[in-house]
Amino acid sequence: ISKATVSVLYWGLIKKMVNYPKSKKSYCAGNCLTYVNHKVVQYKSGKSRLCAQGKRRYDAKQKGFGGQTKPVFHKKAKTTKKISLKLQCTKCKRVKLSSIKRCKHFELADQGRKKSKDPTW
């Protein structure tokens with residue numbers, strides 16, 4: 001397979017827009033041990049800690065003269081990100097993370113709600 005064919009196959013897998021339901025039945029490995037409804041939220045990373053070991057090491061290395069000590073990444077090639085979802089059990093409140101494929105636009109939407117064709121006023 002040529003490199004061009006691989007890239008075409010890769011971009012064929014990427015969806016432009018994904019609508020995902022706000023609640024989903026999934027297995028709960030907590031106290032439930034059955035398939036239970038889970039509340040779905042898009043995962044967002046928390047605030048980075050200033051006292052974390054890596055940050056302390058980086059700040060110590062950056063201190064003083066000598067400019068930038070670690071490499072700064074510039075060759076960004078990807079146009080999409082993999083979506084991480086946070087599923088919370090409605091019974092025992094246990095949280096688990098799951099990821100879905102790459103997409104350009106992600107939206108959490110109600111499953112039953114459809115846009116009506118004729119306008120209502």
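This is a predicted model: local features need pLDDT of at least 70, side-chain atom pairs count only at pLDDT 80 or more; totals for chains, interfaces and linings use all residues.
Is Cys51 buried or exposed? Cys51 is exposed, because its relative accessible area is 54%, and exposed here means over 50%.

Five strands form an open sheet, and their order across it is S1-S5-S4-S3-S2. The pairing is mixed. At the edges stand strand S1, residues 15–21, and strand S2, residues 23–27. Each of these two has a single partner strand, so one side of each is left without a neighbour in the sheet. From one strand to the next, the twist averages 45°.

Now the pairs. Strands of a sheet pair through backbone hydrogen bonds, either parallel or antiparallel. In this model, S1 pairs with strand S5, residues 95–109, in the parallel sense, over six bridges. Met17 has His105 in S5 as its bridge partner, and Asn19 stands opposite Glu107 in S5.

S5 also pairs with S4, this time in the antiparallel sense, over eight bridges. Here Lys86 stands opposite Leu97 in S5. S4 and S5 form a hairpin with five residues between the strands. In that hairpin, Lys93 takes a positive phi near 65°.

Next, the core. Which residues make up the largest nonpolar core? There are eight: Val18, Tyr20, Val40, Ile83, Leu85, Leu87, Cys103 and Phe106. S1, strand S4 (81–89) and S5 each supply at least two residues of this core. S4 gives the largest share, three residues. As a general point, in soluble globular proteins nonpolar side chains tend to be buried together.

Phe106 is in strand S5 and counts as buried, because its relative accessibility is 13%, with the cut-off at under 20%. Leaving aside neighbours within four places in sequence, Phe106 is in contact with Val18, Tyr20, Gln42, Ile83, Leu85 and Ile100. Take Tyr20 from that list: Phe106 and Tyr20 are 86 residues apart in sequence, yet 7.8 Å apart in space, C-alpha to C-alpha.

The other is Ile83. Again leaving aside neighbours within four places in sequence, Ile83 is in contact with Gln42, Ser98, Ser99, Ile100, Lys101, Cys103 and Phe106.

On to His38, which sits in strand S3, residues 35–42. How buried is His38? The relative accessible area of His38 is 2%, so His38 is buried. A polar atom of the His38 side chain lies 3.4 Å from the backbone oxygen of Ser26. Beyond neighbours within four places in sequence, the contacts of His38 include Lys22, Ser23, Lys24, Ser26, Tyr27 and Cys28. Leu87, Gln88, Cys89 and Lys96 are also among the contacts of His38.

Last, back to the cysteines. How many disulfides does a search of the whole structure find? The search finds zero. Cys32 is in no disulfide, and the nearest cysteine sulfur, that of Cys89, is 3.7 Å away. A disulfide would need the two sulfur atoms within 2.5 Å. Cys32 has a relative accessible area of 18%, so Cys32 counts as buried, whereas Cys51, where I began, is exposed at 54%.

Key:
Residues are numbered from 1 along each chain as its sequence is written. Side-chain values use heavy atoms; hydrogens and water are left out. Two strands pair if DSSP finds at least two bridges between them. Helices (H or I, at least four residues) and strands (E, at least two) are DSSP runs, numbered from the N terminus. Axes are lines fitted to C-alpha atoms, for helices over the stretch in contact, and angles run from 0 to 180 degrees between N-to-C directions. Buried means under 20% relative accessible area, exposed over 50%, partly exposed in between (1.4 Å probe, protein chains only). A nonpolar core is a set of buried Ala, Val, Leu, Ile, Met, Phe, Trp, Tyr and Cys residues joined through side-chain atoms within 4.5 Å. Contact means heavy atoms within 4.5 Å. A polar contact is a pair of N or O atoms within 3.5 Å; within protein, one must be able to donate a hydrogen and the other to accept it, and residues adjacent in sequence count only if both atoms are side-chain atoms.
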